[in-house]
Number of protein chains: 2
Amino acid sequence: MTLQEIGQKAKEVSHVLGILGTEEKNRGLRAVADALVSGQDGILAANEKDMEKARENGMSQGLLDRLKLTPARIEGMAEGLRQVADLEDPVGEVISMKQRPNGLMIGQKRVPLGVIGMIYEARPNVTADAFGLCFKSGNAVILKGGSDAIYSNLAIVEQIRKGLSDAGLPEDAVLLIADTSRAVTRDFMKLNEYVDVLIPRGGAGLIKTVVENSTIPVIETGTGNCHIYVDETADLSMAADIVFNAKTQRIGVCNACESLVVHKNAAEKFLPVIRERLAQKHVEIRGDKRACAIEPSFAEASEEDWGKEYLDYILSCRIVDSLDEAISHINRYSTGHSEAIVTKDYESAQRFLNEIDSAAVYVNASTRFTDGFEFGFGAEIGISTQKLHARGPMGLKELTTTKYIIYGNGQVRP
Amino acid sequence: MTLQEIGQKAKEVSHVLGILGTEEKNRGLRAVADALVSGQDGILAANEKDMEKARENGMSQGLLDRLKLTPARIEGMAEGLRQVADLEDPVGEVISMKQRPNGLMIGQKRVPLGVIGMIYEARPNVTADAFGLCFKSGNAVILKGGSDAIYSNLAIVEQIRKGLSDAGLPEDAVLLIADTSRAVTRDFMKLNEYVDVLIPRGGAGLIKTVVENSTIPVIETGTGNCHIYVDETADLSMAADIVFNAKTQRIGVCNACESLVVHKNAAEKFLPVIRERLAQKHVEIRGDKRACAIEPSFAEASEEDWGKEYLDYILSCRIVDSLDEAISHINRYSTGHSEAIVTKDYESAQRFLNEIDSAAVYVNASTRFTDGFEFGFGAEIGISTQKLHARGPMGLKELTTTKYIIYGNGQVRP
């Protein structure tokens, strides 16, 4: 199939999916879950082909682990789909309905986006996850996974389509671009006629490529240079717990803490505490001059460090004279993902919440909570760091748009 | 000033604007309104320079009229700003706030987008309108108007900045790109570091250029190939009133009707009625074969006609066998702006509302109502025909985003 044909099919089927009832969609999700499990032999064999090629190409252990599928992981994908079936259907809700003086009743109704394009790397589980969320929200999805996972993705999509067909639902709800060449990917990013939104998932490089080359509206996800500010009045033991958690609980994720900002009046007491605490996990701390003066064991930070998402056991550390300086430092260097203040002061807490320009702003809690499941959405397609459409964790509702529905009785404009 | 400097200034000032109180913003808007009126001599002189150049370049009468400013039009711009001051401030509303099982209180708060870029053509009133809406919603705005209106725009922006300064508010809330060259415009569309969203306003060509070249998230506005479907059961006199209104009340606008779709069982009666009615305004009707068979005076439509936004006294006309055919024809050719059905049948009305994939879908009313003022928003920055972020008329609320604010008491992720 050519890209044009894929686009056309997706657009056509999106009109059907948009008016499916909730029960039909849930039945489809459960049928697909069953098909994944019953077809797991084929998926595992295909995955082994990808693994072999990846080993030959010298893929790192971490990436190999992300690529690998097991019966338990396939059961996990299936279970994920069943959970999505249990979530509330956002489609069809009428958010508001008002009568105008001329008698027109104007309402705003939640409807699917239409066709969603996903571009991602070598994590085959994204294939099933993305399908599940797009399908439940009434959207068609066109998937473009990494070439390293192509056999796995083909096999997973085959089972998804089989499940849909078993349930008497249109298979074209999911379409995979089998040609993973760069040229096709570039063309995909310009398929405005058929695709309503493109969501890239993966590393900073992938996301940058999509943002720079797509003419389709993009939702930028991911990068998190998250800060924690320890205020003058902070409970230092709480601050140490929060920084330790946000830095070390899982290092490779976008909501991990990358930079510590400390009020000068708290620094002398807090730096030794946090140094010792983070030493348990061998975290390297890179401080500014004042931090290094208090803790000579810190490495010296360069200007580059302030803007860095390490995704590693490294933390930058800066001393500030005031809350104002903390806020302007954070607004300058953060990627707008998640930031936290630890404080006992009411005014500082309120100012931080108001003035920090990020998707999620915390008082006295770890930045690690920025996540669709932790926020109670029951699912997550990504975390938006842009301001348009959706900001922060994106669940089913964020995969919808609205349309105005207007009931008249002959009104014309005077 | 270089583009980089303009971007930087806008970003900096956006942090200040984002936390201004409603009263301060309203005071600023009223001061700017006063400054426009008291500085009108300078604005009119500058506008005359633009007009002279435009006449020399042979600009058409219609465009000259859009470019021209008069004392009454300047008073109109000022009055527009005073009206925006009277509108409700969307910023700061907490849309939801829920407690999670771990005690975190997670809320979603409405905040400004940050920095809005506007690219538009030779209508100097957009300069004041766009400033007013962006300022009231707490955003900084970078304006890039057409070169034909550059002197007018410079003079208007000078008065806006004077008004802001009179009110003790930051002048950089509005910044104009004085260099209207193509190269600078292209660079502006890639200023992702500083600009959060780009809104093009103007003809289809301008919007296409921005969509294809911008790496900043764009809100696509404008193009409207709007359909009216006259159902089998329609009240034909109501249908004639609605089609006449939507086609002829104002022809050059995006919510005007461009295509008429008629059920075969209504065609024999309705076509003569609508032909006669539209003849009052000398509207040319281009029909498909079946329509031309009933009304030989109709011109024959080509395939191209179905997708066309005429913005002229022309209407295409197609006969369909069923509601299904009407819906699929409209979903295929419409630009997703506004479509209407005229019907007495409950089921047809509901199906049309559900299945037509457009920003605004009407039953028994003219498409001409798709407009921020008619919808009761009190203002409009444009009409979005995309699905991301905003769909349909965009008022103040659509110039905001949200952020999550999270109140904790020491929570860390297990």
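A:Gly28 is buried, with a relative accessible area of 0%, in a model that is predicted. This glycine is found in helix H2 of chain A, which spans residues 22-38. Leaving aside neighbours within four places in sequence, A:Gly28 is in contact with A:Phe135, A:Ala167 and A:Leu169. A:Leu81 lies 53 residues from A:Gly28 in sequence, and the C-alpha atoms of the two residues are 9.6 Å apart in space.

## The annotated domain in chain A

An unreviewed UniProt entry carries the annotation "domain: Aldehyde dehydrogenase", which covers residues 71-285 and 314-403 of chain A. In the part made of residues 71-285, the chain is 42% helix and 22% strand, and the C-alpha atoms at its ends stand 40 Å apart. Over residues 314-403 the chain is 23% helix and 31% strand, with 47 Å between the end C-alpha atoms.

## A sheet built from both chains

Strands of chain A and chain B come together in an open sheet of 10 strands, in which the pairing is mixed and the order is S1(A)-S2(A)-S16(A)-S13(B)-S12(B)-S7(B)-S8(B)-S11(B)-S9(B)-S10(B). At the edges stand strand S1 (94-99) of chain A and strand S10 (299-300) of chain B, each with a single partner strand, so one side of each is left without a neighbour in the sheet. Within this sheet, strand S9 (residues 284-287) of chain B runs parallel to strand S11 (residues 314-320) of chain B and is joined to that strand by four bridges. One of the facing pairs here is B:Arg286 with its bridge partner B:Ser316 in S11(B).

Strand S16 of chain B, residues 400-411, has nine of its 12 residues buried, so it is largely enclosed by the rest of the structure. S16(B) pairs with strand S13 (residues 360-365) of chain A in the parallel sense, over five bridges, and with strand S2 (residues 105-112) of chain B in the antiparallel sense, over eight bridges.

| Strand pair | Sense | Bridges | Facing residues |
|---|---|---|---|
| S9(B) and S11(B) | parallel | four | B:Arg286 and B:Ser316 |

## The contact between the chains

Chain B and chain A bury about 5,900 Å² between them, and 54% of that area is on carbon and sulfur atoms. In chain B, the residues that lose the most area to chain A are B:Leu388, B:Tyr404 and B:Arg413, which together account for 15% of what that side buries. The contact takes 72 residues from chain B and 72 residues from chain A.

Between the two chains, 42 residue pairs are in polar contact. Several elements of chain B give two or more residues to the side that touches chain A, among them helix H1 (3-17), helix H9 (204-213), helix H10 (236-248) and helix H14 (346-355). The largest share of that side, 11 residues, comes from S16(B).

Six salt bridges are found across the interface, including one between B:Arg413 and A:Glu374, whose closest N and O atoms are 3.4 Å apart.

In chain A, A:Arg413 is placed in the segment after strand S16 (400-411). A:Arg413 is buried, with a relative accessible area of 16%, which is under the 20% limit for a buried residue. A polar atom of the side chain of A:Arg413 lies 2.8 Å from the backbone oxygen of B:Arg368. Not counting residues up to four places away in sequence, A:Arg413 touches B:Asn245, B:Gln249, B:Asn255, B:Ser366, B:Arg368, B:Phe369, B:Asp371 and B:Glu374.

Technical notes: Residues are numbered from 1 along each chain as its sequence is written. Chains are lettered from A and ligands numbered from 1 in the order in which they are written. This is a predicted model: local features need pLDDT of at least 70, side-chain atom pairs count only at pLDDT 80 or more; totals for chains, interfaces and linings use all residues. Side-chain values use heavy atoms; hydrogens and water are left out. UniProt positions are given in the numbering used here, feature names are shortened, and annotations may be inferred rather than shown by experiment. Buried means under 20% relative accessible area, exposed over 50%, partly exposed in between (1.4 Å probe, protein chains only). Two strands pair if DSSP finds at least two bridges between them. Contact means heavy atoms within 4.5 Å. Buried area is the accessible area (1.4 Å probe) that two parts lose on being put together, summed over both. A salt bridge is a side-chain nitrogen of Lys or Arg within 4 Å of a carboxyl oxygen of Asp or Glu. A polar contact is a pair of N or O atoms within 3.5 Å; within protein, one must be able to donate a hydrogen and the other to accept it, and residues adjacent in sequence count only if both atoms are side-chain atoms.
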